[in-house]
Amino acid sequence: MSTITSLMSRIFAGLQFENSCDVGVFSKLTNAYCLVAIGGSENFYSTFESELADVIPVVKTSIAGTRIIGRLCAGNKNGLLVPHNTTDQELQHLRNSLPDQVVVQRIEEKLSALGNCIACNDHVALTHTDLDKETEEIIADVLGIEVFRQTIAGNILVGSYCAFSNRGGLVHPHTSIEDLDELSTLLQVPLVAGTINRGSEVIAAGMTVNDWTAFCGSDTTATELSVIESVFKLREAQPSAIVDEMRKSLIDTYV
Amino acid sequence: MPRKPARHHRLLPVRPLTFSPFARSVARVATAYLVKHHMHDAMQQFAGDEFKEKLKNVDRQSESSEDEEFDGVVQADFAFFDPKPDDFHGVKTLLQSYLDNKQWDLSGFVDLILGQTTVGTVVKLEDDEDNGVFSIITALNLGRYKDHKCITELKEFLLNICHEIDKIGNLRSLLGDEAQKVGLLVSQCVVNLPPELLPPLYDALFDEISWATEDEHKNANQKRSSSTEKDEAFVYIKPEDEILHKLSMWSFLFPLQTQQVATHELKNYQLTGIVMAVKAEGISSFRQQLHALINES
């Protein structure tokens, strides 16, 4: 498996999980932690670990006994929401392995693929239009963010068709200009319509991103990579600065 | 009075192969297909050169609710197409476990297949917006593509899994100095593809090969397909494999690591792969036998 890195940029391409380029299915990345599915080659896990372990914990886990963890859970630096079929052991493991300020909550939502139904960063979430009212409240409480029910290019699985961080976002290629503007206003970040893994529209399946790093599947073309690098502002990102910034604000809260 | 056919409470529903609304409805068709034995009374029409198949239908509206008991079948017009670059994702999904769980240049392999527009067929629906690929069949000349990374990795895989000492010499020469005369038969389809499509698919492939190569003789090397074995009894997942096995010069079995969708009847069987080498001269007999097998069942 090859990785493409240049001196200043923090974007890792060429990832595969057992011959699948769907990086975003088997991992979940936020500014405070990273979850990686069990199984797959050690290469997959070690790419995340070598890049992130100095800054944030990288935790191997399953959810509901499956490896498709990226599609089942949703979270940000404040918390992690897992579906009702997460086992007690998995829940305990997550609580033990993640930092104390990250609240891990199991929720009773019938749309159990939370990662497909919810897309969020540290400030805003977009959700599936049929999500329970109660779930919406939990998202707002636990993740500490504002929630908007939306569709993306006519698709209700907003968590699948976009990926956004606190600095930028990539959405379904068929999103109209008007929708792009509207979403960009809601999210308060620049957005671009594009593809991942050589023309795939399922953005969130093919990549995972936080404020300083992105991991993309091995089919991603050079053009797609340059779009990602530019919209997520990864070129000059410095992880330690971002995490220190976060830590400072946390300390302020306690005082 | 005939009993109503058993439904989901007796039979494990077939899992969809990919995640899309269409794949889910296809999976439901498969479940209904397993249950409804009178499917074969359905209308079948071959439309000239296009080889279209029509399945008897009920309505398509029931795909909206996941919980509803699916009552009938979905009407599907299958059509055969030349491989195109657009088909990349569909073909790649079908070939996901081609080399079991080995990590290799699958994308490169798919590119080779799609680059060969004169030989090979992709089965899709007539007017499908999802562009879902139901089956891919093609033949790749091992000599022509010997410098490609994916072919090198594939050869390495085949040599590694062959534990039968008497066969490995044959395999080595087929992959090595005889490679120019060897075609790798790549054939993969969704588990519930109607078998009626197989004879025209294979006919089309072998016709295209002969048109593309005129009088050049080739050995067709049928690569691993999944078959299952229980003691002495073999159950072939793909019906054409049984015919090819009988016609093959030699073959060997190897265990598979990847999980496959296991139906209720096959749960005591062990999933095994098979590699077969078939002489080109045997192909016309293969075609006849395949027609006979599908048309009688």
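Is A:Arg198 buried, partly exposed or exposed, and what is its relative accessibility?

Analyst: This is a predicted model. A:Arg198 counts as partly exposed, because its relative accessibility is 30%. The residue forms a salt bridge with B:Asp111, and the closest N and O atoms are 2.6 Å apart. A:Arg198 lies in the loop between β13 (191-193) and α8 (203-206) of chain A, whereas B:Asp111 belongs to helix α3 (residues 106-115) of chain B, so the pair joins two chains. B:Asp111, at 31% relative accessibility, is partly exposed too.

Over all chains, the structure holds 13 salt bridges. One of them is formed by A:Glu18 and A:Arg67, with 3.0 Å between the closest N and O atoms. This pair links distant parts of the chain, 49 residues apart: A:Glu18 sits in the loop between β1 (11-15) and β2 (27-29) of chain A, and A:Arg67 in the loop between β4 (58-61) and α2 (69-72) of chain A. A:Glu18 has a relative accessible area of 35% and is therefore partly exposed; A:Arg67 is partly exposed at 37%.

Another salt bridge joins the side chains of A:Asp88 and A:Arg106, at 3.0 Å from N to O. Because A:Asp88 is in helix α3 (residues 88-97) of chain A and A:Arg106 in strand β7 (residues 103-106) of chain A, the pair ties together parts 18 residues apart in sequence. A:Asp88 is exposed, with a relative accessible area of 52%, while A:Arg106 is partly exposed at 30%.

Finally, a network of salt bridges links A:Lys133, A:Glu136 and A:Arg149.

Key
Residues numbered from 1 in each chain as written. Chains lettered and ligands numbered in written order. Predicted model: local features only at pLDDT ≥ 70, side-chain atom pairs only at ≥ 80, totals over all residues. Heavy atoms only, no water. Salt bridge = Lys/Arg side-chain N within 4 Å of Asp/Glu carboxyl O. Helix = DSSP H or I, 4+ residues; strand = E, 2+ residues; numbered from the N terminus. Buried < 20%, exposed > 50% of the residue type's maximum accessible area, 1.4 Å probe, protein only.
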